[in-house]
Amino acid sequence: MLSHVDKANRPTMVDVGDKAVTVRTATARAVVVFPADVVVRSGEALRTKKGPVFDTAIIAGVMAAKRTHELIPFCHPIPLEDCKIAIEWGEGNEVVIECSVRATHKTGVEMEALTGAATAALTVYDMCKALTHGIEIREVALLAKAGGKRDYRRSQERTA
């Protein structure tokens, strides 16, 4: 049964009142891919007329993670204790973004991690779209979560 649907199949917020307060963590990743015909210097920080791309994307991702409940219906407002965004060059023209969050709360923080990673990726796109609109955002995915009813690691699922 889906958790955000009541007995009458109507949308509803999950009642977390009886859940235990535990440390909740989650990490998500997004990959931004520049087309092969666009010259970007892999390994260097991108800078456009709008400013430093990676630094701006980090700030945007953290801001979005903190406001996830304002963007996604039925997400509980969660006071994040930590939110870190790492942005690195991957293979070729790929930029790999990881967002890790932590909170002590009654519900998980995977939506916050996913929102942070996705918003950082969208910020990279926005700041670089003058180069090309052929930039792709790929693989926005939850990598891991812990602290709730069950932990999750993406590698466990892929090998199963």
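**Entry 1: salt bridges**

I started with the charged pairs and counted 10 salt bridges in this predicted model. My rule for a salt bridge was a side-chain nitrogen of Lys or Arg within 4 Å of a carboxyl oxygen of Asp or Glu. The model is predicted, so I asked for pLDDT of at least 70 for local features and counted side-chain atom pairs only at pLDDT 80 or more, while totals for chains, interfaces and linings use all residues. I number residues from 1 along each chain as its sequence is written, and my side-chain values use heavy atoms, with hydrogens and water left out.

Which residue does Arg29 pair with? I found Glu139 as a partner, with the closest N and O atoms 3.0 Å apart. This pair links distant parts of the chain, since Arg29 is in strand β1 (residues 22-33) and Glu139 is in strand β6, 110 residues apart.

Asp82 and Lys84 meet through their side chains in a salt bridge at 3.0 Å, N to O. Between Arg138 and Glu136 I read 2.8 Å, N to O, for another side-chain salt bridge.

**Entry 2: how covered these residues are**

Asp82 comes out as partly exposed at 23%. Arg138 has a relative accessible area of 38% and is partly exposed. Glu136 is partly exposed too, with a value of 38%. Glu139 is partly exposed because its relative accessible area is 36%.

**Entry 3: the whole chain**

Next I stepped back to the fold. Helices (H or I, at least four residues) and strands (E, at least two) are DSSP runs, numbered from the N terminus. I get four helices and seven strands in the protein chain. In sequence order the pattern reads β-β-β-α-α-β-β-α-β-β-α. The C-alpha trace spans about 55 × 35 × 30 Å along its principal axes.

How many of the 160 residues are buried? My note says 37% of them. For contacts I required heavy atoms within 4.5 Å. Among contacts with a separation of 6 or more, 70% come from residues 24 or more positions apart.

Accessible areas come from the Shrake-Rupley method with a 1.4 Å probe, and for residues only the protein chains shown count as cover. The protein chain exposes about 9,700 Å², and carbon and sulfur atoms supply 53% of that area.

I also checked the charges. Lys and Arg count as positive and Asp and Glu as negative, with His and the chain ends not counted. I placed each charge at NZ of Lys, CZ of Arg, CG of Asp or CD of Glu. The mean positions of the 22 positive and 20 negative charges are 3 Å apart.

**Entry 4: a nonpolar patch**

Which residues form a nonpolar patch on the surface? I noted Leu122, Ile137 and Val140, with about 240 Å² of accessible area together. Patches here take residues with over 30% relative accessible area and no salt bridge; like charges are joined within 9 Å, and nonpolar side chains (Val, Leu, Ile, Met, Phe, Trp, Tyr) within 5 Å. Val140 lies in strand β6, residues 136-146. With a relative accessible area of 42%, Val140 is partly exposed.

**Entry 5: backbone angles**

I looked for positive phi values in residues other than glycine. Glu139 turned up again, with phi near 50°, and this residue sits in strand β6. Phe74 has a positive phi as well, near 75°. Phe74 is in the loop between α2 and β4 (82-89), and its relative accessible area of 33% makes it partly exposed.

Is Thr68 buried or exposed? Thr68 is buried, because its relative accessible area is 1%. I place Thr68 in helix α2 (residues 68-71). Setting aside neighbours within four places in sequence, I list Cys75, Met111, Glu112 and Thr115 as its contacts.

Ala45 is in the loop between β1 and β2 (47-48). Its relative accessibility is 64%, so I class Ala45 as exposed.

Methods
Buried < 20%, exposed > 50% of the residue type's maximum accessible area, 1.4 Å probe, protein only.
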